[in-house]
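Thank you all for making time this morning.

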Amino acid sequence: MSSSGPPRDDLGYPVGLARPARRVVSLVPSLTETVAATRREALVGATQWCTHPADLEVQRVRGTKNPDLGAVTGLRPDLVLANKEENRRLDVERLRAAGVPVWVTDIRTLDGAIASLRRMFSAALGWPEPPWLAQAERAWREPVPGPPVRAAIAIWRDPWMVVGSGTFTGDIAARLGLDNVYGGHRERYPRVDVGDVAERGTDLVVLPDEPYPFSADDGPEMFPGRRVALVEGRSLTWYGPSLVDARSKLTAQVEAARHGTQGT
């Protein structure tokens, strides 16, 4: 710990901890994959929603919104990783009150994600930066394709919800050349009427397979006459090792939908 005090997480909270971290619990799917890809032996706990890597064998501590705090503390972690959007402040506060260091990330852009991960590795975990982080950064440096395509990005149905303003997903979409028709909405994930999507002059509807599992049989039928891109949700919404290949995967899926070749 330096003389200037303990490092502060993305929300500015001072997190006193011993480094390097040897026992880590992650309450965020993206960060679980991040830790597992970098130093798997250090990961001792994760949520049931942490699906990558698929062969990960660690203790599960329930979900992102209802973690089993007793199980988390029982794992004696050097550090718990959380996220402002995915996890409840109450759970973070209770863990800290129990003496467990918690590092909270706040991700709203791709550049912010890269910077946040760099700080997490150096200031929080005390680990060297993994090579895949620079690879991910390079993968997204290419110019944005043009001209922009007016698009709506759904994340849920019944009720229908879309990506609004100030989100990581929205920034990723913009870097793919998509002009989010709800990008100026005051809410991050507004509820919308399906008819409103067409009224906004939408050329392409993007349906990821998470958090709602949109598929060829569930979602596209609501947008007759519109191009629909079925995309991998992990590539569109996760920040971590998936960013290395996310651009190429998403570009292929979007282009296939635009030109009517998706699924052929």
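Before that, two remarks on how to read the values. This is a predicted model, in which local features need pLDDT of at least 70 and side-chain atom pairs count only at pLDDT 80 or more, while totals for chains, interfaces and linings use all residues. Residues are numbered from 1 along each chain as its sequence is written, and side-chain values use heavy atoms, with hydrogens and water left out.

Let me begin with the pockets. A pocket here is an open set of points, on a 1 Å grid over the protein atoms alone, where a 1.4 Å probe fits, with protein on both sides within 12 Å along at least five of seven lines, and its lining residues have an atom within 4 Å of a point. The points are joined across faces, edges and corners, and the volume is the space filled by probe spheres set on them. On these terms the largest pocket holds about 980 Å³, and of the 27 residues that line this pocket, Glu 85, Glu 86, Glu 210, Pro 211 and Thr 237 are the closest to its centre. The elements that give two or more residues to this lining are α1 (29-39), β6 (149-156) and α6 (168-175); helices are DSSP runs of H or I with at least four residues, strands are runs of E with at least two, and both are numbered from the N terminus. By class, the lining has 11 nonpolar, 8 polar and 8 charged residues, where Ala, Val, Leu, Ile, Met, Phe, Trp, Tyr, Cys and Pro count as nonpolar, Asp, Glu, Lys and Arg as charged, and the others, Gly among them, as polar.

The second largest pocket has about 180 Å³ of space, and its lining divides into 4 nonpolar, 2 polar and 6 charged residues. Helix α3 (residues 89-97) gives the most to that lining, with 4 residues, and the lining residues include Asp 9, Tyr 13, Lys 84 and Arg 96.

Thr 237 lies in helix α8 (residues 233-237) and is partly exposed, with a relative accessible area of 23%; with a 1.4 Å probe and protein chains only, buried means under 20%, exposed over 50%, and partly exposed in between. The C-alpha atoms of Thr 237 and Ser 30 are separated by 8.7 Å, although these residues are 207 apart along the chain. Ser 30 is itself one of the buried residues of α1, a helix that is largely enclosed by the rest of the structure, because 8 of its 11 residues are buried. As for Pro 211, a cis peptide bond joins this residue to Glu 210, with omega about 5 degrees, in the loop between β9 (204-208) and β10 (227-231).

Turning to the helices, how far apart are the end C-alpha atoms of α4 (residues 110-125)? They are 21 Å apart, which agrees with the 22 Å that its 16 residues should span, the expected span being 1.5 Å times one less than the number of residues. Even so, α4 bends by about 25 degrees at Arg 119, the bend being the angle between axes fitted to the seven residues ending there and the seven starting there. At the start of α4, a side-chain oxygen of Thr 109 comes to within 2.9 Å of the backbone nitrogen of Gly 112, and after the helix comes Gly 126, with a positive phi near 70 degrees.

Helix α9 (residues 243-258) also has 16 residues, and it reaches 22 Å from its first C-alpha to its last. Within α9, Ala 257 counts as buried at 4% relative accessibility, and its C-alpha atom is 6.0 Å from that of Val 228.

Finally, the backbone. Most residues other than glycine have a negative phi, and most peptide bonds are trans. The bond from His 52 to Pro 53 is cis, with omega near -5 degrees. Arg 62 has a positive phi near 65 degrees and counts as partly exposed at 41% relative accessibility, whereas Asp 158, with phi near 55 degrees, counts as exposed at 61%.

How values were computed:
A polar contact is a pair of N or O atoms within 3.5 Å; within protein, one must be able to donate a hydrogen and the other to accept it, and residues adjacent in sequence count only if both atoms are side-chain atoms.
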